[in-house]
Amino acid sequence: MEIRPATESDLPGVLEIHADAVANSTAIWTDEPPTLEGRREWLTNHSEAGRAALVAVDGDLVVGYGSYGPFHAKEGYRHTCENSVYVRPGHQGSGIGRSLLETLIIEATADDLHVMVALIEAENEASVGLHRSLGFVDAGVLREVGTKFGRWLDLRYMTRALS
Ligand SMILES: CC(C)(COP(=O)(O)OP(=O)(O)OC[C@H]1O[C@@H](n2cnc3c(N)ncnc32)[C@H](O)[C@@H]1OP(=O)(O)O)[C@@H](O)C(=O)NCCC(=O)NCCS
């Protein structure tokens, strides 16, 4: 398994993982099926300095992806980034998420960012556990600010100091 910057040719694999998370989980708060064009925008948006889009690949198969980018558009937030990490179903629980997030933290630190923020559906134990295991701390829960699959969702903020 290798972690490297995402390229255009990785996008169909990234799309498959993203589409599964939309259809089958509360990790992404929409029912709208994602498109390849949307994933192209993701890659373009995370290709500038101070941002990153990574993939984990096993041979030709994209088994995970992760990114960080601006937490907020206003310039006072410019030293803070928001991350995301997704691992292909069937490959979860084997260390891929940890490798991706570790690499995101190293690259964001090298980019001189100060804090990384994760916004996580509060009951997503795998994601909360992953972030906690890499030094993220709880920064509060917003109750019932989202909805999917006919129920309210709570949003957990977790933060990690980078530099
Ligand atoms: C959350 C996710 C990225 C974790 O990646 P992963 O490759 O499955 O996790 P790893 O195998 O690297 O596990 C790393 C650590 O995370 C924690 N963890 C992983 N799965 C867990 C689970 N089901 N319950 C609790 N903690 C878990 C553990 O601390 C684990 O360390 P350990 O194996 O030493 O105990 C992955 O499960 C996933 O893509 N889930 C669906 C999409 C999603 O929820 N993305 C995050 C949106 S915020």
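# Close-up views of a predicted model

View 1. A backbone N or O atom of Val 87 sits 2.7 Å from an oxygen atom of the ligand. Welcome to this structure, which is a predicted model.

View 2. Step back from the ligand and follow the strands across. There are 7 of them in an open sheet with mixed pairing, and their order is β1-β2-β3-β4-β5-β7-β6. At the edges are β1 (2–5) and β6 (137–148), each of which pairs on one side only. Neighbouring strands are turned against each other by 25 degrees on average, if direction is ignored. Helix α2 (residues 36–45) packs on this sheet, where it touches β2 (52–58) and β3 (61–70). The direction of α2 makes about 55 degrees with that of β3.

**View 3. Strands β4 and β5 side by side.** Strand β4 covers residues 80–87 and pairs with β5 in the parallel sense, over 3 bridges. One place to look is Cys 81, which stands opposite Met 116 in β5. The C-alpha atoms of these two residues are separated by 4.9 Å, although Met 116 and Cys 81 are 35 residues apart along the chain. Strand β5 is mostly covered, with 5 of its 7 residues buried.

View 4. Met 116 belongs to strand β5, which spans residues 115–121. Is Met 116 buried or exposed? Its relative accessible area is 0%, so Met 116 is buried. Setting aside neighbours within four places in sequence, its contacts include Tyr 68, Cys 81 and Asn 83. Also among them are Leu 101, Leu 104, Ile 105 and Ala 108. Phe 136, Met 158, Thr 159, Arg 160 and Leu 162 are in contact with Met 116 as well.

**View 5. Arg 88, a buried residue in a loop.** Arg 88 is found in the loop between β4 and α3 (96–110). Arg 88 counts as buried because its relative accessibility is 13%, and the cut-off for that word is under 20%. Leaving out residues up to four places away in sequence, Arg 88 touches Gly 13, Glu 16 and Ile 17, among others. Its contacts also include Leu 61, Val 62, Val 63 and Gly 64.

View 6. With a relative accessible area of 4%, Asp 10 is buried. The side chain of Asp 10 reaches the backbone nitrogen of Thr 7 at 2.8 Å. Apart from neighbours within four places in sequence, Asp 10 is in contact with Arg 4, Pro 5, Val 55, Val 57 and Val 62.

**View 7. The hairpin of β6 and β7.** Strand β7 (residues 151–161) runs antiparallel to β6, and the two pair over 7 bridges. Between them are 2 residues, which makes this pair of strands a hairpin. Look across the pair and you find Leu 142 opposite Leu 155 in β7. Val 141, in turn, has Arg 156 in β7 as its bridge partner.

View 8. Phe 149 lies in the loop between β6 and β7, and with a relative accessible area of 48% it is partly exposed. Glu 144, in strand β6, also has a positive phi, near 55 degrees, and is likewise a residue other than glycine. Glu 144 touches Trp 152, Leu 153 and Asp 154, not counting residues up to four places away in sequence. From C-alpha to C-alpha, Glu 144 and Asp 154 are 4.8 Å apart in space, while 10 residues apart in sequence.

Terms used. Residues numbered from 1 in each chain as written. Predicted model: local features only at pLDDT ≥ 70, side-chain atom pairs only at ≥ 80, totals over all residues. Heavy atoms only, no water. Pairing = 2+ DSSP bridges. Helix = DSSP H or I, 4+ residues; strand = E, 2+ residues; numbered from the N terminus. Axes fitted to C-alpha atoms, helices over the stretch in contact; angles between N-to-C directions. Contact = heavy atoms within 4.5 Å. Buried < 20%, exposed > 50% of the residue type's maximum accessible area, 1.4 Å probe, protein only. Polar contact = N/O pair within 3.5 Å; in protein donor to acceptor, adjacent residues only side chain to side chain.
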